[in-house]
Amino acid sequence: MSNIRTGVPLEVSFGGPRHTADVELFTDEESVVRLSEAIARDNKHWAKFNGMGFDADGNPNLADAYQSWQQGTVILGLTVR
């Protein structure tokens, strides 16, 4: 991941032709925890892979999201052109 930087476009493919995407890399605690919670709500597999559990109501565990950030989780925001 060290070669991916905010503001440096990259090529992406979602099973079809390649597209250029602008990148925003989120590394700070607040952003990673907030975005991890949002991603985990819609993608349980991603949550499990990143060690995030859920409470009895099905909400992502924010302490797990924080611990994931402490262990180096970063979030990539892609805007495909």
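A nonpolar core is a set of buried Ala, Val, Leu, Ile, Met, Phe, Trp, Tyr and Cys residues joined through side-chain atoms within 4.5 Å. In this predicted model, the largest such core has ten residues: Phe26, Val32, Val33, Leu35, Ala40, Trp46, Ala47, Met52, Ala65 and Ile75. Helix H1 and helix H2 (44-49) each supply at least two residues of this core, and H1 gives the most, with four. In soluble globular proteins, nonpolar side chains tend to be buried together.

**Helix H1**

- Helix H1 covers residues 29-42 and includes glutamate 30.
- The 14 residues of H1 should span 20 Å at 1.5 Å a residue, and this agrees with the 20 Å that separates its end C-alpha atoms.
- Ser31, Val32, Val33, Leu35, Ser36 and Ala40 are the buried residues of H1.
- The elements covering these buried residues include strand E2 (19-26), H2, helix H3 (62-70) and strand E3 (75-80).
- Alanine 40 is in contact with Trp46, Ala47, Met52, Phe54 and Pro60, when its neighbours within four places in sequence are left aside.
- Glutamate 30 has a relative accessible area of 48% and is therefore partly exposed, as exposed means over 50%.
- From glutamate 30 to glycine 51 the C-alpha distance is 18 Å, and the two residues are 21 apart in sequence.

**Helix H3: faces and ends**

- Asp64, Ala65 and Ser68 are buried in H3.
- Seen down the axis of H3, these buried residues fall within an arc of 100°, so they line one face of the helix.
- The buried residues of H3 pack against H1.
- On the other side of H3, Ala63 and Gln70 are exposed.
- The N-terminal end of H3 is capped by asparagine 61, which has a side-chain oxygen 2.8 Å from the backbone nitrogen of alanine 63.

**The aromatic pair**

- One aromatic pair is found in a search of the whole structure.
- This pair is formed by tyrosine 66 and tryptophan 69, with 5.6 Å from centre to centre and 40° between the planes, and it is tilted.
- Tyrosine 66 and tryptophan 69 are separated by about one helical turn because they are three residues apart in helix H3.
- An α-helix has 3.6 residues a turn, so residues three or four places apart point the same way.
- Tyrosine 66 is partly exposed, at a relative accessible area of 32%, and tryptophan 69 also counts as partly exposed, at 24% relative accessibility.

Technical notes. Residues numbered from 1 in each chain as written. Predicted model: local features only at pLDDT ≥ 70, side-chain atom pairs only at ≥ 80, totals over all residues. Heavy atoms only, no water. Buried < 20%, exposed > 50% of the residue type's maximum accessible area, 1.4 Å probe, protein only. Contact = heavy atoms within 4.5 Å. Expected span 1.5 Å × (residues − 1). Phe/Tyr/Trp six-rings, centres within 6.5 Å; stacked < 30°, edge-to-face > 60°. Arc of directions from axis to C-beta. Polar contact = N/O pair within 3.5 Å; in protein donor to acceptor, adjacent residues only side chain to side chain.
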